[in-house]
Amino acid sequence: MTKKNATFRLIHFLVGLFIACLALAVILALAVPIGFYGMAMYLSPTLPSTQEIKTAKLEMPLQIYSSDDKLIGQYGNRLSLPITFNEIPEDLTHAFLAAEDASFFQHSGISIKGLGRAVTEVVTDDDSQTGGSTITMQVAKNYFLSSERTLNRKLTELFLARKIEDELSKNDILTLYVNKIYLGEGAYGIRAAAKKYYSKSLENLTIAEMAMLAGLPKAPSKYNPVANPSRALTRRNWIIGRMYELGYINKAQRDEGINSPIGINLYKEKLDVNMPYLAEMTRSALVDRYGKQVMHGGWRVRLTVDSKAQTDAEAAVLAGLVAYEHRHGWRGAEANDEPLENFRRYSNMSPAKVTKVNSQSFEATMLSGESITVNWSGMSWARKYISANRIGNSPSNASQIVSKNDIIRLLPTTNGGWQLGQIPKVQGSLVSLNPETGAVRALIGGFDFNHSKFNRALQGWRQPGSTIKPLVYTAALEKGYRPDSIVSDRPIQVGDWKPKNSDGRFLGDITLRRGLYLSRNLVSIRLLQAIGISDARNLLDEFGLDKEKLPTTLSLALGAGQATPLQMATAYATFANGGHRIQPYFIEQIYNYNNKLLFQANPKQACALCFNELLDDTNKKLLEDFDAKTESDSKTESDSKAADSSNKKSDSKDQALNENLDADLNVDANSSDNTSKDSKEVDLSIYDASPGSDRLKAPVIQYVRAEQAPRILKPRVAFEMADILRDVVQRGTAFKAKSLGRDDIGGKTGTTNDAKDAWFAGFHPTNATVVWMGFDQPSTLGRREYGGVAALPVWMDFMKAQLKDTPNQWVSINNRAKSKKQKQSIIEMMDEGVIDLEDENTDIGKSDKPVKTTTQQRQPPTPRPVETPQAKPVAKPNNNRNSDSLAQKPKPLSPTPVERMPAMPE
């Protein structure tokens, strides 16, 4: 009986345990979905909308082109080229499914097995785990979440994946995935990756290449075929095997893919011409306006600068700097017995290490390993530098110049040899403008951008010296002086200041014209006294200089203020175009990645009437030229295809003899036995996403009517000043420029105290160019380094190239633009009413009486009358211009890209 009771109790216990377990199972079965549902309800309000990811964003580098379509700069390394589902090759879809999520089209967004691996990963912090995420979960993470490994982030990913599955189709999800996934080398999405790794479009990828790309999402750096080719190859072959196991490919395709080489053909864009100062100007202007995202927007920006003009400017500035270094002697080697690879090339100056010193020559090794010899003619200039005003005796032996193991600089010579050089300590800049529109034609910011990124053309505030005198003299002409007006060049004293001329002599009474072309300081001071410092500063402000950086003393007449080369070029453009103030700019057009025009510059022109009269003919000619070029390009492409087809037909018999040629095609295409013609054929037919495919292919340009630039000088005044500046070249301080053999150029030399700055500002009716030379930390260039010695030869070298084949022409005294300068009057209030004492809007042929020369006394400012609606303001001198010729008061002048820039695409 006892035994039966025990058995009964055991059965009862087991039954009860079973019931309890069953109940627990039921509770758990209910708790899990309830808990999951509760968690979903909790997280749902915080989940983002899937509508935000319907469209992926295009990302391509910012490209910058010269006006003749040479690529001169590129910024940004992100590539993202969104595609649609129908553009995804089926084999590529299969490759990604085999690598990442074979059951993608069956599951509902969540893999239980993957979730288990993810939990293990969080608990163990095991970096070797993949996380087991489905493609849908990866979409959730890539578009909305960070890459942190936390349980909370993983749960959010799960719920977001379910939401995506509920709201989007499988095709949409897969498209989002292949457009967003990061695949290394800055490539986001499969189209960008195909371009980056293989320079191909998606339809030209082989199965092996597709498998290689499909292997990258797991670990883009670990399986990168560029950095880790053996590991990437193993991963690729595993994926090809998986594709075979899943029935996506047959055995022949599997074997061909596994036996294929890596075959990387990296997308590497090369600049046509390196113009870093201009490229950085453009990048900086766009980033300032749009933010750093502009570097990934795929814009193609065309500048106003012609690559040939820019190259000419670089050569001219470099020649001027090298000539200065030769005049002032050899400072010695850069280093001795140091690794040559520690030194980089600047401009055309290559580092080299001296290996042997002979009597009249030395031998050196270049970075490339090449051994060269420098003969005596290439180093005889190297007299020892002692100071800016003194150099040593001429050397007689190479050992007096260099020693073994010296690190020196070498420059190529025109006859194919080498010349000893040194990195200049002196700097130079050049700015060239189109006087009619303000378009920047060339701009040099210094010796070498990699040596110094400081752009002296825009940022170098220096004393302009005597180049400011024509602006002061112009103010006198505006006040009624004439070129033949007599002005005293006798000694003058203002307080304790006793200014003098640079030669220490006094010429007595001379004409205004002679005073300027001989650059007489005392004449300039007397003229400024006569016209008034305030009025002169106002006119200089209209010329484009910054009024706040100009002194309020008579030293203004000698260039004691500060200006940049760009400002001076803008001012001198006014003389070249007949009296109009143009605004410098350098961005001509902006296109998007698909070559759609986003912006076309439309600058105010010195003669808008001239431009608009020819507008229809100009646009018609542009259309005709574009059509002719398009037809020519099409014919060339058609001929090339016909030749390719003929070649393929002629080779068909040979191809039929080799049954395995298709399997070996990739090997043959990359072998060294192929001819250049075969390589070209492969490039055209297969590598269709190379950098060349992304170059700007601009549509035809059609201009619109231009607006008139403001007139700031009377036509007569502009003509007279231009004529005086022509005399500066013909018989003044810039007489060396006569060697150009032209009588249609003018300009002014400029040298500041102690020769710390050397300038030449000159012009032709088609070109206004300014050159500056000096040290970044102002110090003397040397007692003989005048503007006509240091800066003028640079200007001459540049302008010789620019004016080649340009017909002789000169500034017109006629008002081509029919523009008007606002009437300026001196008005006095009388009991009888307002009386006009002087009208400055005189006829261009009328001779005005010069203003009497007096010493100007500074007066306290008078209170300005308050304007009220009930009463007119008290009349006062009116120095404004009318609406069609209003000069904008410049802030510190910089070249503006445009007046209205396009909106940044979303």
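A disulfide (a pair of cysteine sulfur atoms within 2.5 Å) links Cys-607 to Cys-610, with 1.9 Å from S to S. The model is a predicted one, where local features need pLDDT of at least 70 and side-chain atom pairs count only at pLDDT 80 or more, while totals for chains, interfaces and linings use all residues. Residues are numbered from 1 along each chain as its sequence is written, and side-chain values use heavy atoms, leaving out hydrogens and water.

By the sulfur rule, the count comes to one disulfide. The link of Cys-607 and Cys-610 is right-handed, with 70° about the S-S bond. As for accessibility (buried is under 20% relative accessible area, exposed over 50%, partly exposed in between, with a 1.4 Å probe and protein chains only), Cys-607 counts as buried because its value is 2%. Cys-610 sits at 29%, so it counts as partly exposed.

On to a pair of helices. Helix H14 (residues 469–478) packs with helix H24 (residues 715–731) at an angle of about 140°, and their axes are 10 Å apart. Helices here are DSSP runs of H or I with at least four residues, numbered from the N terminus. The axes are lines fitted to C-alpha atoms over the stretch in contact, and angles run from 0 to 180 degrees between N-to-C directions. H14 and H24 are therefore oblique to each other; angles under 35 degrees count as roughly parallel, over 145 as roughly antiparallel, 65 to 115 as roughly perpendicular and the rest as oblique.

Terms used
Helix = DSSP H or I, 4+ residues; strand = E, 2+ residues; numbered from the N terminus.
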